[in-house]
Amino acid sequence: MGTAVSSMKIPLLFLDTIGTVLIAVLFGPWWGALAGGLTNVVLGVTTGPSAMFFGLVNIAIALVSGYMARKFDFRKWYIALITGIMLSIIAPLIGTPIAVAVYGGLNGSGMDLVVLWLRSAGESVFASTFISRITGNFVDKIITCLLVTVMIARVPNLSKIVKKGKKNAA
């Protein structure tokens, strides 16, 4: 999904973690972390080695969404919304230092305009990068979590997995 959305150049929407969130919600935080981490390893091999560094972000996303799904009913839209808001803050907190160290804060996306504008306004590299990342993440991570909730509700077998996981977690 992330590659498809990226090619469509939809602003503030990436959907690059939808698979990680779905796996974490369905099968648990550690399976999601494994899927998220392996995704970044594959991306590191196929698109460029710097993608591997961002595996930490994907792993954190899986752990948060997986534990939220274990503790609360992820089939409810407001749980997905709260999880999306949490991920919107956590992901940039982890990803910003990596982006600054690896790319100097710029990564070739449209959000670089925000970074450059904030830099020209006198903000630090870290603050500029963080603000641009959190802005995009508020849209992206909330939509990602809500889409996972819709998928679970609309695909009967997925809903059964979530119900079964809730019983096993109790």
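Cys 145 lies in helix H7, which spans residues 125–154; helices here are DSSP runs of H or I with at least four residues, strands are runs of E with at least two, and both are numbered from the N terminus. The model is predicted, so that local features need pLDDT of at least 70 and side-chain atom pairs count only at pLDDT 80 or more, while totals for chains, interfaces and linings use all residues. Residues are numbered from 1 along each chain as its sequence is written, and side-chain values use heavy atoms, with hydrogens and water left out.

Cys 145 counts as buried because its relative accessibility is 0%; buried means under 20% relative accessible area, exposed over 50%, and partly exposed in between, with a 1.4 Å probe and protein chains only. Apart from neighbours within four places in sequence, Cys 145 is in contact (heavy atoms within 4.5 Å) with Val 21, Phe 74, Ala 80, Thr 83, Gly 84 and Leu 87. The C-alpha atom of Cys 145 is 9.0 Å from that of Ile 82, a residue 63 positions away along the chain.

The largest nonpolar core has 23 residues, of which Val 21, Val 25, Phe 74, Val 148 and Ile 152 touch the most other members. Such a core is a set of buried Ala, Val, Leu, Ile, Met, Phe, Trp, Tyr and Cys residues joined through side-chain atoms within 4.5 Å. Two or more core residues come from each of H2 (18–27), H4 (55–71), H5 (77–103), H7 and H8 (156–169). H5 provides the largest share, six residues. With neighbours within four places again set aside, Val 21 is in contact with Ile 61, Ser 65, Phe 74, Leu 87, Thr 144, Cys 145 and Val 148.

The axes of H2 and H4 come within 8 Å and cross at roughly 35°; axes are lines fitted to C-alpha atoms, for helices over the stretch in contact, and angles run from 0 to 180 degrees between N-to-C directions. H2 contributes Thr 20, Val 21, Ala 24, Val 25, Leu 26 and Phe 27 to the contact, and H4 contributes Asn 58, Ile 61, Ala 62, Ser 65, Gly 66, Ala 69 and Arg 70.

The protein as a whole has eight helices and zero strands. Of its 170 residues, 44% are buried. Among contacts between residues at least 6 apart in sequence, 71% join residues at least 24 apart.
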